[in-house]
Amino acid sequence: VVSVDMIDEHWDGAGRGKRERREVETFEEEVEKAAVAKKVPPPKLPKKPAFSRWWLADEERIRELYAIECGNIIKNWRRSLETSKAGGAAKLLDNEDDDAAADNGGDAPETDEAGEALPLTAAQEKEKAQLWEQAFTSWSHRDFRQFLRAITNGGVSRHDYPRISEAMGGSKTPQEVEAYARAFWERGPSRIPNFESYEAKIQKVTKRREHARAEAEHCLNKARTCEGDPRFAMA
């Protein structure tokens with residue numbers, strides 16, 4: 001029997017899948033009845049997606065797709081229950097096509113040879129795969145901390161990817177660092193908590209480094225233009 005806690009775990013914060021979340025309210029009761037009747041086993045819902053903030057993943061959209069996927073699985077199971085009771089073929093209700101289309105962002109769900117709705121359409125499966133590919137799931141918390149330390153300590157420019165890679169101990173190549181850095185500045189404001197504090201610190205050390213460079217260039221130019229011993233001319 002699927003507990004309320006398990007249902008809650010699979011259905012929080014899913015965005016566009018609101019209709020499916022409402023349907024799951026009676027899911028536990030239906031599962032219990034099916035278990036007693038021993039007719040149709042309850043469906044196994046896919047594992048809830050988990051995220052780490054430094055992955056820079058589009059968590060909201062991935063959760064929306066997850067809600068749609070679970071909703072279609074539950075609908076297929078409910079139709080199977082109805083089929084078992086009626087002893088006939090599974091059949092969509094008159095208004096179910098319209099409801100399913102609304103749940104899938106306006107597109108009717110695709111069906112298999114048996115007429116059951118696929119958990120996700122081909123386009124949604126492709127989108128989900130692309131969203132996970134765009135996430136930096138290979139980056140550990142240690143990688144993230146080393147990256148931040150490298151660009152906030154003032155010794156390395158945030159655009160100097162080879163030196164950032166070196167400062168990270170070589171755990172990521174310069175190419176990997178560049179890809180992550182670009183995503184960090186593009187997606188960070190909306191996907192990393194307290195991003196403003198990181199940004200402010202980086203801006204501060206960047207200004208300090210630029211000021212030190214300007215002072216060094218000024219001294220160098222002064223030395224080049226002075227006569228005699230530059231040490232006395234600069235005093």
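Below are legends for several close-up views of a predicted model.

Local features need pLDDT of at least 70 and side-chain atom pairs count only at pLDDT 80 or more, while totals for chains, interfaces and linings use all residues. Residues are numbered from 1 along each chain as its sequence is written, and side-chain values use heavy atoms, with hydrogens and water left out.

View 1. Helices here are DSSP runs of H or I with at least four residues, strands are E runs of at least two, and numbering goes from the N terminus. Read from that end, the elements go α-α-α-α-α-α-α-α-α-α-α. Of the 235 residues, 35% count as buried; buried is under 20% relative accessible area, exposed is over 50%, and partly exposed is in between (1.4 Å probe, protein chains only). Take the contacts (heavy atoms within 4.5 Å) with a separation of 6 or more: 65% of them come from residues 24 or more positions apart.

**View 2. Phe136 meets Tyr180 edge-to-face.** Rings of Phe, Tyr and Trp (its six-membered ring) pair when their centres lie within 6.5 Å; planes under 30 degrees apart are stacked, over 60 edge-to-face, and the rest tilted. That rule gives 12 aromatic pairs. In this one, the ring centres of Phe136 and Tyr180 are 5.0 Å apart and the planes sit at 80 degrees, so the pair is edge-to-face. Phe136 lies in the loop between α6 (122-134) and α7 (141-152), and Tyr180 in helix α9 (residues 174-191), so the pair ties together parts 44 residues apart in sequence. Both Phe136 and Tyr180 are buried.

**View 3. Tyr180 also stacks with Phe184.** Centre to centre the rings are 6.5 Å apart, with 25 degrees between the planes. What separates Tyr180 and Phe184 along helix α9? About one helical turn, because they are four residues apart. Tyr180 has a relative accessible area of 0%, and Phe184 is buried at 0% as well.

**View 4. Seven rings make one aromatic cluster.** The members are Phe136, Trp139, Phe147, Tyr180, Phe184, Trp185 and Phe195. Trp185 has a charge over its face too: Arg158, at 4.0 Å from the ring centre. To count, NZ of Lys or CZ of Arg must be within 6 Å of the ring centre and within 35 degrees of the ring normal.

**View 5. Helix α7 crosses α9 at about 80 degrees.** The axes are 12 Å apart; they are lines fitted to C-alpha atoms over the stretch in contact, and angles run from 0 to 180 degrees between N-to-C directions. That makes the two helices roughly perpendicular (65 to 115 degrees; under 35 is roughly parallel, over 145 roughly antiparallel, the rest oblique). On the α7 side, Phe144, Phe147, Leu148 and Ile151 make the contact, and on the α9 side Val177, Tyr180, Ala181 and Phe184. By class that's eight nonpolar, no polar and no charged residues, where Ala, Val, Leu, Ile, Met, Phe, Trp, Tyr, Cys and Pro count as nonpolar, Asp, Glu, Lys and Arg as charged, and the others, Gly among them, as polar.

**View 6. Tyr198 sits in helix α10 (residues 195-225).** At 22% relative accessibility, Tyr198 is partly exposed. Neighbours within four places in sequence aside, Tyr198 is in contact with Arg53, Phe144, Leu148, Ile192 and Pro193.
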